[in-house]
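Let's explore this protein together, one question at a time.

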Amino acid sequence: MKHTISVLVENEFGVLSRVAALFSGRGFNIDSLSVAPTNDETISRITLVTRGDDQILEQISKQLNKLIDVIKVIDFTDGSGIEREMALVKVTAEDESRAEVLRIVDIFRAKIIDVTPRSYTIEATGSPAKIDAILELLRPLGLKELVRTGPVAIGRGSKGWKG
């Protein structure tokens, strides 16, 4: 099962490497990772996606909470958070496929951010499922290059961190 975890940490040197070492040292894989300061410059939010059953997630949370720089661990797997991801996608745009690419971009409310005689570069944002869906439609048209951020998450309503 996929788990999206948000970890609030002190914004200090070496914190990310300690979190990553915790995962690798225990044989857990990180599918995606995003780190940035919060509205409080002394605190950063690490959003990571990992896979495992509930027992593994509980072990991960306990180990994260033992790290001295960790303030709070929030699990958004239960649907209590809003997840968004961004992808930059370069696709082939020959004469016969240009109109189809533009239709797909319009349907998904994505944006064309660069045009060359043989390609379009598209910016798409949304839930990970939405990104997967647009990629599925673009792939047969000639996917040249892909960059994804991985999801970032924030709690719905009152769920989350109150700082």
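Q: Which residue caps the N-terminal end of α2?
A: Keep in mind that we are looking at a predicted model. In it, a side-chain oxygen lies 3.2 Å from the backbone nitrogen of Gln55. The residue that provides this oxygen, and so caps the N-terminal end of α2, is Asp53.

Q: How far apart are the end C-alpha atoms of helix α2?
A: Helix α2 has 13 residues, 54–66. At 1.5 Å a residue, α2 should span 18 Å.

Q: Which residues of α2 are buried, and how wide is the arc they cover around the axis?
A: The buried ones are Leu57, Ile60, Ser61, Gln63 and Leu64. They sit on the same side of α2, because the arc they cover around the axis is only 170 degrees.

Q: Which residues are exposed on the other side of α2?
A: The buried residues of α2 pack against β1, α1, β3 and β4. Turn to the other side of the helix, and the exposed residues there are Gln55 and Lys66.

Q: Which element supplies the largest share of the largest nonpolar core?
A: This core has 16 residues, and among those touching the most other members are Val89, Ala110 and Leu138. At least two residues each come from β5, α3, β7 and α4. The largest share, 4 residues, comes from α4.

Q: How many residues are in the second, separate core?
A: In soluble globular proteins, nonpolar side chains tend to be buried together. Here a second core includes Val7, Val9, Ile60 and Leu64. Its size is 15 residues.

Methods. Residues are numbered from 1 along each chain as its sequence is written. This is a predicted model: local features need pLDDT of at least 70, side-chain atom pairs count only at pLDDT 80 or more; totals for chains, interfaces and linings use all residues. Side-chain values use heavy atoms; hydrogens and water are left out. The expected span of a helix is 1.5 Å times one less than its number of residues. Buried means under 20% relative accessible area, exposed over 50%, partly exposed in between (1.4 Å probe, protein chains only). The arc is that of the directions from the helix axis to the C-beta atoms. Contact means heavy atoms within 4.5 Å. A polar contact is a pair of N or O atoms within 3.5 Å; within protein, one must be able to donate a hydrogen and the other to accept it, and residues adjacent in sequence count only if both atoms are side-chain atoms. A nonpolar core is a set of buried Ala, Val, Leu, Ile, Met, Phe, Trp, Tyr and Cys residues joined through side-chain atoms within 4.5 Å.
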